[in-house]
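Hello,

Here is the structure we talked about, with my notes below it. Please have it open while you read.

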Amino acid sequence: MDRMHETDASVVAQVLAGDRDAFRLLVERHSRTLYRLVYRMTGNSDDSQEIVQDTFLHAFKGLSRFELRSNFATWIYRIAVNRTLDFLHARKIHDKDRYRIHEEPDVDDRTQVQVAATEPGPERMVMSTEMQSKVEQALLLLTPAERLAFTMRHVEGCSIDEISRALNLKTSAAKNSVFRAVRKLRRQLEPFTSPVR
């Protein structure tokens with residue numbers, strides 16, 4: 001039976017009815033998105049994979065609490081956010097770690113800041129690498145909530161409503177988190193994005 005076109009709610013219903021193998025489809029559908037989100041928070045591939053696995057285990061165990069009329073993606077996002085915040089709290093990041101530049105994960109969607117177009121050359125390559133580093137540093141200066149809100153909005157393309165539900169915030173608080181994140185990133189990256197006079 002082809003399950004690829006079934007809704008998440010339909011697959012959840014099958015799992016709850018005893019078809020434990022159906023849960024694998026939910027993992028396949030959502031694991032890459034969750035990995036990208038978690039990686040933006042931890043900056044470490046192994047930690048991110050572990051948190052994503054923990055998220056799905058937690059979701060599987062608590063599936064009976066999922067309301068079928070709800071959005072599964074939002075529900076699993078909220079679990080991933082909570083597991084990541086718990087992990088970061090337990091790890092107690094030191095100030096020196098906050099400024100560490102992390103290598104990008106091997107995924108297609110990446111946060112990039114566009115710089116003014118110039119002829120390709122060594123200078124542009126250096127600028128591109130430097131910009132990447134500055135973006136990573138700037139992201140690490142955000143609070144966990146701001147980083148999550150920014151990533152969900154500007155990397156994953158989530159709506160403010162989805163962000164507020166996933167982070168368990170009021171809509172206005174979710175908007176403010178995104179706004180603060182963008183303002184902080186702009187301030188940090190201003191020297192690199194301002195036009196040369």
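This is a predicted model: local features need pLDDT of at least 70, side-chain atom pairs count only at pLDDT 80 or more; totals for chains, interfaces and linings use all residues.

A word on burial to begin with: buried means under 20% relative accessible area, exposed over 50%, and partly exposed in between (1.4 Å probe, protein chains only).

Residues are numbered from 1 along each chain as its sequence is written, and side-chain values use heavy atoms, with hydrogens and water left out.

The overall picture

Of its 197 residues, 38% count as buried. Contact here means heavy atoms within 4.5 Å. Among contacts between residues at least 6 apart in sequence, 65% join residues at least 24 apart.

Aromatic pairs

Rings of Phe, Tyr and Trp (its six-membered ring) pair if their centres lie within 6.5 Å; planes under 30 degrees apart count as stacked, over 60 as edge-to-face and the rest as tilted. Searching the whole structure gives 6 aromatic pairs. One of them joins F23 and F60 edge-to-face, at 5.1 Å centre to centre and with 70 degrees between the planes. Because F23 lies in helix α2 (residues 23-42) and F60 in helix α3 (residues 45-61), this pair ties together parts that are 37 residues apart in sequence. F23 and F60 also belong to one aromatic cluster with F56.

Y35 and Y39 make a tilted pair, 6.0 Å centre to centre, with 40 degrees between the planes. Both tyrosines lie in helix α2, 4 residues apart, which is about one turn of the helix. Y35 is buried at 14% relative accessibility, and Y39 is buried too, with a relative accessible area of 7%.

How α2 meets its partners

For helix pairs, axes are lines fitted to C-alpha atoms over the stretch in contact, and angles run from 0 to 180 degrees between N-to-C directions. The axes of α2 and α3 come within 9 Å and cross at roughly 135 degrees. The two helices are therefore oblique to each other; angles under 35 degrees count as roughly parallel, over 145 as roughly antiparallel, 65 to 115 as roughly perpendicular and the rest as oblique. The crossing of α2 and α3 is right-handed, a term used if the near helix is turned clockwise from the far one by less than a right angle, with anticlockwise being left-handed.

On the α2 side of this contact are residues including F23, L34, Y35 and Y39, and they meet a set in α3 that includes I51, V52, F56 and F60. By class, the contact of α2 with α3 has 12 nonpolar, 7 polar and 1 charged residues. Here Ala, Val, Leu, Ile, Met, Phe, Trp, Tyr, Cys and Pro count as nonpolar, Asp, Glu, Lys and Arg as charged, and the others, Gly among them, as polar.

Helix α4 (residues 72-91) also meets α2: their axes come within 10 Å and cross at roughly 35 degrees. This crossing is right-handed. Among the residues of α2 in this contact are L26, L37 and M41, and among those of α4 are F72, I76, F87 and L88. The contact of α2 with α4 divides into 13 nonpolar, 4 polar and 1 charged residues.

P144 lies in helix α7 (residues 144-155) and is partly exposed at 31% relative accessibility. Its C-alpha atom is separated by 6.9 Å from that of M41, 103 residues apart along the chain. Not counting residues up to four places away in sequence, P144 touches M41, L85 and L88.

A174 is in helix α9 and is buried, at 0% relative accessibility. Leaving aside neighbours within four places in sequence, A174 is in contact with I160, I163, S164 and L169.

Lastly, N168 has a positive phi of about 60 degrees although it is not a glycine. N168 lies in the loop between α8 (160-166) and α9 (171-193), and is exposed, with a relative accessible area of 63%.

Best wishes
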